Amino acid sequence: MAPPIIGKSTFSRIISYEAILWYLLPKLKKICLNLPAGRKDRIFSLINNLSTRKPPRVSVNPHDPEIRFLHESLNLILDDIEYVAGNLSPSKWGYLRNLFEGIVQSESYRMLIRDIISKFKGIKDGVILELNPSSGRGLIDACKILGRRGLGVDQDPLFTEIGKEYAYRENIDNVEFICTDLSKISDHLSAPVALLLVTSPINWFIDQRYLLSKIVSIAEVNCSIVGLLPFRERDEEVNIFEPYINLVSENRLMTVLSSENQLSYEGFSKITFQKIGSLYLFTAVKR
Amino acid sequence: MPKILKTFCPKCNSNITVEVSDSVISSAKYSPTGIVGVVDIHGDHALVIYVDSNGHERGTRVYTLLSPAISGERKPVIIPLRYLDALSNTLGFRLILKKEDLIIEGFKRRLDILFKCQGLTADIELAIRKITGSVIKWLRAFVRAFDRAGGKFRFDTFYKCMILVDNMIYTNPPGHSDMLLSLLLRSRDIAYRVNIKALKIYSLMPRNIDRYYKAIDSGMLLKYSGRTLYEILADRNVNEVWEILDYILAMKRRDIIEIFEAKG
């Protein structure tokens with residue numbers, strides 16, 4: 001069995017955030033009555049599946065600033081559900097963007113990145129590429145730790161500007177942020193990719209089959225990948241993230257096994273998965 | 001004694017009279033070919049007249065100008081010297097507003113070398129104490145700012161921009177400096193309104209960007225909502241002006257504020 005990628009304290013912090021999603025599920029169910037029929041039915045069926053299970057027993061500190069931020073932000077966003085659910089394009093995500101920035105800028109996320117990156121100090125020469133880095137904190141920290149150049153590719157022009165803003169503020173000149181579609185990344189790569197990061201929460205809203213296909217096409221031989229995504233443990237078992245993800249996008253999650261099989265089929269080896277509640281941290285290397 | 005030379009411009013079909021000075025005739029005398037060229041600007045083209053050592057015309061050629069010259073009918077507006085005291089690194093400047101056909105200039109002393117940057121709506125010429133790579137980058141940003149501002153010009157906001165650029169000219173400008181300068185140029189005409197919900201989510205963030213700013217925070221942002229940027233920046237020193245505009249742009253990026261044209 002592969003050793004865990006992240007440390008115990010990072011693990012406990014991430015697990016505790018999931019408790020908030022369970023706590024807000026009744027509110028989500030009530031508010032979904034205002035959504036268009038198709039979306040409402042889909043989310044209702046996901047919530048009904050979840051209600052057959054008991055939420056995990058996790059201790060949550062309500063005075064923790066990060067817990068408070070997540071809880072109150074989600075509450076505010078759910079209160080405005082019709083606006084959120086009606087605006088699907090990333091450019092109209094408005095204050096969802098603030099939620100993602102808050103998550104990525106949090107100490108917990110930074111601990112996660114530090115734990116992950118410490119395992120990759122021996123990677124081959126090349127750049128660190130992050131897909132949809134949000135405000136870019138993970139990429140900036142990873143590049144600082146490994147002393148590598150970085151490239152953040154985001155489909156949202158405002159997040160690209162926010163990433164550049166942080167890089168300028170911190171005098172970072174070895175990290176670049178560009179706004180382009182995932183299918184056009186190779187046009188912007190002038191060096192091999194040593195490490196591909198898919199850890200930002202924006203990626204949870206992207207169709208997983210499409211995302212994995214992009215990861216496969218970008219990763220060259222000996223490229224390492226690290227991702228943090230919600231998967232279903234079994235096909236019939238809904239993931240707690242799914243009803244929330246489906247507010248914004250129609251995204252049926254893959255199972256852990258099917259994603260592992262896909263990676264293996266596409267030529268990846270040393271595939272590991274670490275379960276962190278309903279999220280899975282996975283790593284692999286392209287043969 | 002200068003010699004009067006008459007010739008014809010085939011581009012504008014007009015008879016041209018030019019004055020050829022002794023120095024031009026002397027240059028022709030010492031030139032290997034025995035002739036020199038003098039240039040007469042005609043709006044969107046230049047007529048080069050070749051003159052020999054006797055002051056006679058030996059041929060002409062017409063060249064198209066990449067950027068048409070200002071008609072020159074308007075005299076430049078000269079900025080009094082006392083206004084230039086606030087500029088510590090700038091020795092002189094000239095602003096050419098193309099749409100308005102207006103030239104504004106101010107020089108601390110007689111200068112013969114200026115760096116020029118051309119834009120769609122304005123050209124800026126600058127003489128500076130020390131030339132570094134950042135000077136060129138700031139000039140470019142300044143000219144782009146004019147283009148972004150849509151050519152609307154107010155002298156007081158331009159003057160504030162000059163002071164800000166002068167203060168920062170030896171640091172490399174950030175990628176968004178043209179956006180920031182254009183906000184300052186338009187500051188009399190624009191205001192912002194706050195998206196309260198977005199601001200609330202932002203305020204809950206344990207590590208939001210307020211920690212990078214001293215001159216402004218999210219509380220002040222809400223307080224100044226609806227006022228023109230000019231009012232917000234009044235009585236602020238140049239570093240505070242930069243911080244406040246940088247913060248406003250950061251908030252705009254996060255959809256926390258929406259900038260609009262203020263009426264009246």
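## Basis of the description

Helices, as H or I runs of at least four residues, and strands, as E runs of at least two, are taken from DSSP and numbered from the N terminus. The model is predicted.

## Helix α7 of chain A

Helix α7 of chain A spans residues 107-117, and its buried residues are A:S108, A:Y109, A:L112, A:I113, A:I116 and A:I117. Viewed down the axis of α7(A), these buried residues lie within an arc of 165°, so they line one face of the helix. An α-helix has 3.6 residues a turn, so residues three or four places apart point the same way.

The buried residues of α7(A) pack against several elements of chain A, namely the helices α1 (8-23), α4 (65-79), α6 (95-105) and α8 (137-146) and the strand β5 (224-230).

## Packing of α1 on α7 in chain A

Two packed helices are described by the angle between their axes and the distance between the axes. For α1(A) and α7(A), the axes come within 10 Å and cross at roughly 140°. The two helices are therefore oblique to each other, and α1(A) passes α7(A) in a left-handed crossing.

On the α1(A) side, the contact involves A:T10, A:R13 and A:I14, which meet A:S108, A:M111, A:L112 and A:D115 of α7(A). These contact residues comprise three nonpolar, two polar and two charged. A:S108 and A:L112, which take part in this contact, are also among the buried residues of α7(A).

## Helix pairs around α5 of chain B

In chain B, helix α3 (residues 133-148) and helix α5 (residues 177-185) have axes that come within 8 Å and cross at roughly 55°. This angle makes α3(B) oblique to α5(B), and their crossing is right-handed. From α3(B), the residues B:A141, B:F142, B:R144, B:A145, B:F146 and B:R148 meet B:S177, B:D178, B:M179, B:L181, B:S182 and B:L185 of α5(B). The classes represented in the contact of α3(B) with α5(B) are seven nonpolar, two polar and three charged residues.

Helix α4 of chain B (residues 155-168) also packs on α5(B): their axes come within 8 Å and cross at roughly 145°. Here B:T157, B:F158, B:K160, B:C161 and B:L164 of α4(B) meet B:L181, B:L184 and B:L185 of α5(B). Six nonpolar residues, one polar and one charged make up the contact of α4(B) with α5(B).

## Contact between chains A and B

The contact between the chains draws 23 residues from chain A and 16 residues from chain B. On the side of chain A that touches chain B, α4, α6 and α9 (157-169) of chain A each supply at least two residues. That side of chain A consists of eight nonpolar, six polar and nine charged residues. Helices α4 and α6 of chain A, which contribute to this side, are also among the elements that the buried residues of α7(A) pack against.

## Loop residues with positive phi

A:S134 lies in the loop between β1 (127-131) and α8 of chain A. Its phi is near 60°, a positive value in a residue other than glycine. A residue counts as buried if 20 or more other C-beta atoms lie within 10 Å of its own; A:S134 has 28 such neighbours inside 10 Å and therefore counts as buried.

B:D255 occupies the loop between α9 (238-253) and β12 (257-261) of chain B. For B:D255, a residue other than glycine, phi is likewise positive, near 60°. Because B:D255 has 19 C-beta neighbours inside 10 Å, it counts as partly exposed.

Technical notes: Residues are numbered from 1 along each chain as its sequence is written. Chains are lettered from A and ligands numbered from 1 in the order in which they are written. This is a predicted model: local features need pLDDT of at least 70, side-chain atom pairs count only at pLDDT 80 or more; totals for chains, interfaces and linings use all residues. A residue is buried if 20 or more other C-beta atoms lie within 10 Å of its own, exposed if 12 or fewer, and partly exposed in between; C-beta atoms are placed from the backbone. The arc is that of the directions from the helix axis to the C-beta atoms. Two residues are in contact if their C-beta atoms, placed from the backbone, lie within 7 Å. Axes are lines fitted to C-alpha atoms, for helices over the stretch in contact, and angles run from 0 to 180 degrees between N-to-C directions. Angles under 35 degrees count as roughly parallel, over 145 as roughly antiparallel, 65 to 115 as roughly perpendicular and the rest as oblique. A crossing is left-handed if the near helix is turned anticlockwise from the far one by less than a right angle, and right-handed if clockwise. Ala, Val, Leu, Ile, Met, Phe, Trp, Tyr, Cys and Pro count as nonpolar, Asp, Glu, Lys and Arg as charged, and the others, Gly among them, as polar.
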